[in-house]
Amino acid sequence: MKDSTNWDGLWEAGKTAWDAGKPSPALVDLFDNPDTCSLIPKHGQALVPGCGSANENRHVTGMDISPTCVDLLHKNHPDATAHNYQFICADFFKFDVPNEGYDLAYDYTFLCALPPAFRPAWASRYAQIIKKDGVLITLMYPIDTHEGGPPFAVNELL
């Protein structure tokens, strides 16, 4: 399977309407809410595929397939290693997973950016990379039935 979206071209052209320039309000609420923050592993490795401008990234590996995006991340976050996070340019479906796997993965707009035919491979890949008892946080967007994308429609049935 091949995603025909030219993600690097969109980053080069500055056509990144999906990037709000700040952390996702849902993620902030998840971390700040005493009822939900206990569900998030406090230690270990985390992954954010399709990280975009990485406003959510704290103590994680932010991954994007666009070299332009990753170059911007390094430029805008020169102190990343001092804060225990890194950015890598890689294909989610092919990158080398750390031997121990990930304790946490955060998927916000990554799933909806993928053509629907990729969804079974998306689920299989997460099953491979998240360690036993690890956590996958997936915030589904957009919940509707529109045709085309990205973003591609998402619903409870996937």
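Visitor: Which residues of α4 are buried?
Guide: In this predicted model, Thr 68, Cys 69, Val 70 and Leu 73 are buried in α4.

Visitor: Why is Thr 68 called buried?
Guide: Buried means under 20% relative accessible area. Thr 68 has 18%, so Thr 68 counts as buried. Thr 68 lies in helix α4, residues 67-76. Leaving aside residues up to four places away in sequence, Thr 68 touches Asp 8, Trp 11 and Glu 12.

Visitor: What do the buried residues of α4 pack against?
Guide: They pack against α1 (7-12), β2 (61-64) and β3. The helix α4 lies across β2 and β3, running at about 160 degrees to β3.

Visitor: How are β2 and β3 paired?
Guide: They pair in the parallel sense over four bridges. Two strands pair if there are at least two bridges, so β2 and β3 qualify. Thr 61 stands opposite Gln 86 in β3.

Visitor: In what order do the strands of the open sheet stand?
Guide: Five strands form the sheet, in the order β3-β2-β1-β4-β5, with parallel pairing.

Visitor: What makes β3 and β5 edge strands?
Guide: Each has a single partner strand, so one side of each is left without a neighbour in the sheet. On average, neighbouring strands are turned by 20 degrees against each other, direction ignored.

Visitor: Which residues of α6 are buried?
Guide: In helix α6, residues 119-129, they are Arg 119, Trp 122, Arg 125, Tyr 126 and Ile 129.

Visitor: How do you know that they are on the same side of α6?
Guide: They cover an arc of only 120 degrees around the axis, which puts them on the same side. On the other side of α6, Pro 120, Ala 127 and Gln 128 are exposed.

Visitor: What does the buried side of α6 pack against?
Guide: The buried residues of α6 pack against β1 (46-49), β4, α5 and β5 (130-138). The helix α6 lies across β1, β4 and β5, at about 135 degrees to β5.

Visitor: How many aromatic pairs does a search of the whole structure find?
Guide: Nine.

Visitor: Why is the pair of Phe 92 and Phe 93 called edge-to-face?
Guide: Ring centres must lie within 6.5 Å to pair, and planes over 60 degrees apart count as edge-to-face. Here the centres are 5.1 Å apart and the planes stand at 80 degrees, so the pair is edge-to-face. Phe 92 is buried at 2% relative accessibility, while Phe 93 is partly exposed at 25%.

Visitor: What makes Phe 92 and Phe 110 a pair?
Guide: Their ring centres are 5.0 Å apart, so they fall within the 6.5 Å limit. Their planes stand at 70 degrees, so this pair is edge-to-face.

Visitor: What does the pair tie together?
Guide: Phe 92 lies in the loop between β3 (86-89) and β4 (102-107), and Phe 110 in helix α5 (residues 110-113), so the pair ties together parts 18 residues apart in sequence. Phe 110 is buried, at 12%.

Visitor: Which residues do ring pairs link into a cluster?
Guide: Phe 92, Phe 93, Phe 95, Tyr 102, Phe 110, Phe 118, Trp 122 and Tyr 126.

Key:
Residues numbered from 1 in each chain as written. Predicted model: local features only at pLDDT ≥ 70, side-chain atom pairs only at ≥ 80, totals over all residues. Heavy atoms only, no water. Phe/Tyr/Trp six-rings, centres within 6.5 Å; stacked < 30°, edge-to-face > 60°. Buried < 20%, exposed > 50% of the residue type's maximum accessible area, 1.4 Å probe, protein only. Contact = heavy atoms within 4.5 Å. Arc of directions from axis to C-beta. Axes fitted to C-alpha atoms, helices over the stretch in contact; angles between N-to-C directions.
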